[in-house]
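Welcome! Have a look at the model below, and then we will walk through it together, beginning with a single residue and its surroundings.

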Amino acid sequence: MRALLGDGEPPPGFDPERLRVEARALLNKRRGIVAALRPDVADALGERFRPLFDTYARAHPREAGTRFREDAAAFAAWAVAQGELPAPRKKRWWRRAT
């Protein structure tokens, strides 16, 4: 699984080129889903979204049982921690009476 979802070595007996192609397809799918769930992050990063997400995804393979929304939120938090996005503003749950 590490060979498909991260930067792991192909296991003995597996074709490295086929694993590379499949790993790229899975990465593209994951990136597309995160962009669809968090278009605000993808738009804010612009052209940097793809390389930043790819770097993130290789270092942070999805854990079994996690949801894509959690993955998208984790990527956004990572981008903030890396200084690529500003920290989100806290929303006030109250409003002043006028």
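## Starting with Arg 31

Setting aside neighbours within four places in sequence, Arg 31 is in contact with Phe 49, Arg 50, Phe 53 and Asp 54, where contact means heavy atoms within 4.5 Å. This is a predicted model, in which local features need pLDDT of at least 70 and side-chain atom pairs count only at pLDDT 80 or more, while totals for chains, interfaces and linings use all residues. Residues are numbered from 1 along each chain as its sequence is written, and side-chain values use heavy atoms, with hydrogens and water left out.

Arg 31 sits in helix H2, which covers residues 16-37. Is Arg 31 buried or exposed? With a relative accessible area of 8%, Arg 31 is buried. Here, buried means under 20% relative accessible area, exposed means over 50%, and partly exposed is in between (1.4 Å probe, protein chains only).

## Its partner, Asp 54

Which side chain makes a polar contact with the side chain of Arg 31? That partner is Asp 54, at 2.9 Å. A polar contact is a pair of N or O atoms within 3.5 Å; within protein, one must be able to donate a hydrogen and the other to accept it, and residues adjacent in sequence count only if both atoms are side-chain atoms.

Asp 54 belongs to helix H4 and is buried because its relative accessibility is 9%. Not counting residues up to four places away in sequence, Asp 54 touches Leu 27 and Arg 31.

## The overall layout

Now let us step back. The protein has 5 helices and 0 strands; these are DSSP runs numbered from the N terminus, with helices being H or I of at least four residues and strands being E of at least two. Of its 98 residues, 26% count as buried. Among contacts with a separation of 6 or more, 48% come from residues 24 or more positions apart.

## The nonpolar core

A nonpolar core is a set of buried Ala, Val, Leu, Ile, Met, Phe, Trp, Tyr and Cys residues joined through side-chain atoms within 4.5 Å. The largest one holds 16 residues, of which Val 34, Val 41, Leu 45, Phe 49, Phe 53, Phe 75 and Trp 78 touch the most other members. Two or more residues come from each of H2, helix H3 (39-45), helix H4 (49-59) and helix H5 (68-81).

Leaving out residues up to four places away in sequence, Val 41 touches Phe 75, Ala 76 and Leu 85.

## Two glutamates

Glu 70 is placed in helix H5, and counts as partly exposed because its relative accessibility is 46%. A polar atom of its side chain lies 2.8 Å from the backbone nitrogen of Arg 67. Glu 70 and Val 34 are 36 residues apart in sequence, with their C-alpha atoms 9.6 Å apart in space.

Glu 22, in helix H2, is partly exposed as well, with a relative accessible area of 41%. From C-alpha to C-alpha, Glu 22 and Leu 4 are 6.9 Å apart in space, and they are 18 residues apart in sequence.
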